[in-house]
Amino acid sequence: MVLQNSEMPGLGSPMPAFDLMDVRTKARVRSGDLLGGKGLLVMFICRHCPFVVHVEEELARLVRDRGAEIAIVAISANDPERHPEDAPEGLREQARRIGLDCPYLFDETQEVARAFRAACTPDFFLYDGAGRLFYRGQLDDARPGKDIPCDGRDLRAAI
């Protein structure tokens, strides 16, 4: 067995700053404008990933259900040359199709994803009102090919 240190930021770590374009509105969204004392959920997602496709309806439902309690933002950091469907136009279509009613940001350089140490899609980071990491984990136990309903129970409980 080979031991490897975790790359996961520790609970209580400060949220990395970002300033990215919302693919839905083309407006700039800054991390500092989102906290407002009520917490922030940052979801690293994309359009092509089968794991995201499997949970995207629940993500939109989570935003509708909990968006008044906390700020929520989605970020895609995939290279559109390798995954053309993850270009801003494709992300905008995905947001429209599933009814994702939160900023959906495009991290063209992947610098923001690296600052968060995002490892996969979907990847969830929940920050408290002071911008400190409170939860990093899964949405729920649902996975493609598993007969487990997608209900967001783990992330909902953390919120």
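Reply: Sheet and cores follow below. This is a predicted model: local features need pLDDT of at least 70, side-chain atom pairs count only at pLDDT 80 or more, and totals for chains, interfaces and linings use all residues. Residues are numbered from 1 along each chain as its sequence is written, and side-chain values use heavy atoms, with hydrogens and water left out.

Me: What order do the 7 strands of the open sheet take?

Reply: The order is 2-1-5-4-3-6-7, with mixed pairing. Strands are DSSP runs of E, at least two residues; helices are H or I, at least four; both are numbered from the N terminus. Two strands pair if DSSP finds at least two bridges between them.

Me: Which are the edge strands?

Reply: Strand 2 (28-30) and strand 7 (133-137), each pairing on one side only.

Me: In what sense do strand 1 and strand 2 pair, parallel or antiparallel?

Reply: Antiparallel, over 3 bridges. Leu 20 stands opposite Val 29 there.

Me: Switching to the largest nonpolar core. Which residues touch the most other members?

Reply: Leu 41, Met 43, Ile 45, Leu 100 and Tyr 104, out of 28 residues. A nonpolar core is a set of buried Ala, Val, Leu, Ile, Met, Phe, Trp, Tyr and Cys residues joined through side-chain atoms within 4.5 Å. Buried means under 20% relative accessible area, exposed over 50%, partly exposed in between (1.4 Å probe, protein chains only).

Me: Which element gives the largest share?

Reply: Helix 1, with 6 residues. Another core lies apart, with 20 residues, including Leu 40 and Tyr 127.
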